[in-house]
Amino acid sequence: MRAATGLALVALAALLLQTAVLSLLPAGLFVPDLMLVVCVYLGLHAHSPAGALAAFAIGYAEDAFSGTVLGLNAFAMSLVFLLVYLTSRQLWVDNTLSKVVLVFTAYLLKTLAMVLLIGLFLSLEGLWRTIARYVWWEAALAAILSPPLFALLSRIRPLAEAD
Amino acid sequence: MWEFLRRNGTLATSGALLVLSLALVSTNARYQRLDDPASRVLLEGMRPLQLAVAETARLGLAVWRQYIALVGLQRENDALRKRLLELEQEIVRLAEVEQTNRRLSELLEFRSAFRGRAVAAQVIAKDPLPWFRSFVIDKGEADGVRKGMAVLSPYGVVGQIQQASRHSARVLLITGHNRGVDAVVPRSRARGIVEGAVGDGCVMKYLKPGEDVQVGDRVVTSGFDGIFPKGVVIGHVTGLSRRSRALLQVAQVEPAAPFDRLEEVLVVESGNRREP
């Protein structure tokens with residue numbers, strides 16, 4: 001329970017940072033997707049239905065604050081969680097570099113999933129061009145910021161084990 | 001079935017959530033985004049937090065920008081102070097250049113008054129011992145400076161070349177005990193010899209008892225000694241010594257040239273005559 005609360009607090013802080021703080025900075029054009037990092041962390045360490053639900057909730061929360069279609073981020077986050085979960089079952093992802101690469105790849109996957117869904121359901125002309133322009137920078141930013149966030153999240157693990 | 005779900009709960013949940021998400025996307029795309037209550041709750045619930053965080057972040061950013069601006073101002077201030085210092089130094093340098101220019105112009109004008117050879121020189125060293133009353137100039141034999149040549153300034157007679165090396169020369173001032181300068185008082189044409197005296201001044205010796213010499217009279221070179229050109233100011237009379245039984249009278253002369261402040265001088269060939 002304490003672990004869930006801790007995780008929820010971190011996710012909340014990430015959402016607040018993403019929506020209220022980072023956009024104010026001069027580099028606000030490239031807001032790092034901290035929620036994705038939390039989602040990847042869940043895929044790596046929360047191998048349970050609760051983890052999948054948390055990833056969905058994170059995506060849903062992102063949907064609530066974004067102008068996209070409801071369910072878009074929820075789908076993308078759920079997909080990321082699933083793929084990371086499957087990857088972590090097959091590969092040993094434990095060192096910092098591999099996690100950074102994983103976050104970078106996860107961001108690209110999330111974007112790809114969203115672009116596909118938009119293309120499928122909304123067909124917004126020219127959106128992919130805009131996304132293609134920023135996706136690499138945002139993926140890199142999320143990847144760069146992932147080690148400290150992972151370090152913060154790793155403090156919750158002992159709580160989970162205690163629970 | 002239940003066993004499969006129990007063993008693959010995470011996969012099953014993820015799959016179900018993916019399907020649910022797709023349904024959400026599909027429905028919302030069709031109906032231009034539903035006004036779902038969950039989103040409303042999230043938006044409303046997060047509002048105070050977002051407001052507080054955003055205000056705090058804005059305040060922090062404002063403080064930071066203010067700090068950066070202050071740092072910028074400090075830097076600008078430092079740069080301006082530095083520039084001011086540089087400009088002050090430049091002003092001093094330019095004033096010095098102007099003064100040098102004025103002195104050199106005077107020297108040039110003075111030099112043009114002489115026929116024959118005249119060498120402009122700069123004072124580069126002063127006598128380390130004050131009682132010898134000499135200084136060193138930056139011109140020597142290579143420039144045509146020879147022992148015994150007259151040294152003048154636009155203000156008046158300075159002295160004589162005492163010794164010359166290849167590229168420098170030592171000048172003995174007229175206030176030193178050197179050979180005298182044949183002098184004349186232009187007002188009365190009284191003649192005498194100006195020599196160095198004890199102290200900083202000079203004396204004009206060998207004045208006949210009846211000669212008309214008064215305090216304040218200007219004393220100039222006569223040109224008869226074959227060293228100093230005729231008509232160059234030596235100084236002015238500051239006092240007279242008239243002894244009733246003495247055959248000759250002596251006048252105290254204050255040199256016109258400011259020896260302590262001289263920076264440029266003119267070395268003139270012996271026997272050079274001044275233009276009328």
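# Briefing: a predicted two-chain complex

The secondary structure of chain B comes to three helices and twelve strands, whereas chain A has seven helices and zero strands; here helices (H or I, at least four residues) and strands (E, at least two) are DSSP runs, numbered from the N terminus. This is a predicted model, in which local features need pLDDT of at least 70 and side-chain atom pairs count only at pLDDT 80 or more, while totals for chains, interfaces and linings use all residues. Residues are numbered from 1 along each chain as its sequence is written, and chains are lettered from A, with ligands numbered from 1, in the order in which they are written. The predictor gives the complex an ipTM of 0.83 and a pTM of 0.51.

**Confidence and overall make-up**

- Chain B averages a pLDDT of 82, and 89% of its residues score at least 70, pLDDT being the predictor's confidence in each residue, from 0 to 100.
- Read along the sequence, chain A follows the pattern α-α-α-α-α-α-α, and buried residues make up 40% of its 163 residues. A residue is called buried if 20 or more other C-beta atoms lie within 10 Å of its own, exposed if 12 or fewer, and partly exposed in between, with C-beta atoms placed from the backbone.
- In chain B, buried residues make up 29% of the 276 residues.
- Among contacts in chain A between residues at least 6 apart in sequence, 68% join residues at least 24 apart, where a contact requires the C-beta atoms of two residues, placed from the backbone, to lie within 7 Å. In chain B, residues 24 or more positions apart account for 56% of the contacts with a separation of 6 or more.

**The contact between the chains**

- The contact takes 29 residues from chain A and 27 residues from chain B. On the side of chain A that touches chain B, α1 (2-21), α3 (49-65), α4 (72-90) and α5 (96-122) each supply at least two residues.
- The residues on that side of chain A divide into 23 nonpolar, six polar and no charged; in this scheme Ala, Val, Leu, Ile, Met, Phe, Trp, Tyr, Cys and Pro count as nonpolar, Asp, Glu, Lys and Arg as charged, and the others, Gly among them, as polar.
- F121(A), which is found in helix α5 of chain A, counts as partly exposed, with 18 C-beta neighbours inside 10 Å. Leaving aside its neighbours within four places in sequence, F121(A) is in contact with V69(A), V25(B), S26(B) and A29(B); the C-alpha atoms of F121(A) and V69(A), 52 residues apart along the chain, are separated by 9.6 Å.

**Nonpolar cores**

- A nonpolar core is a set of buried Ala, Val, Leu, Ile, Met, Phe, Trp, Tyr and Cys residues joined through C-beta atoms within 7 Å. Of the 54 residues in the largest such core, L36(A), V38(A), C39(A), V40(A), V80(A) and F81(A) touch the most other members.
- The elements giving two or more residues to this core are α1, α2 (34-45), α3, α4, α5 and α6 (127-154) of chain A, together with α2 (9-30) of chain B, and α4(A) gives the most, with eleven residues.
- A second, separate core of 48 residues includes A169(B), L172(B), L173(B) and V232(B).
- Leaving aside its neighbours within four places in sequence, L36(A) is in contact with V80(A), V103(A), A106(A), Y107(A), K110(A) and A142(A).

**Two helices named α3**

- Twelve of the 17 residues of α3(A) are buried, so this helix is largely enclosed by the rest of the structure; among the buried residues are F56(A), Y60(A), E62(A) and D63(A).
- Of the 76 residues of α3(B), the number buried is two, so this helix lies largely in the open.
- Helix α3(B) (residues 37-112) reaches 105 Å from its first C-alpha to its last, close to the 112 Å expected at 1.5 Å a residue, the expected span being 1.5 Å times one less than the number of residues.
- At R47(B), α3(B) bends by about 40°, and a proline, P48(B), follows within four residues; the bend is the angle between axes fitted to the seven residues ending there and the seven starting there.

**Positive phi in chain B**

- R189(B) has a positive phi of about 65° although it is not a glycine, and lies in the loop between β6 (181-185) and β7 (190-196). With 10 C-beta neighbours inside 10 Å, R189(B) counts as exposed.
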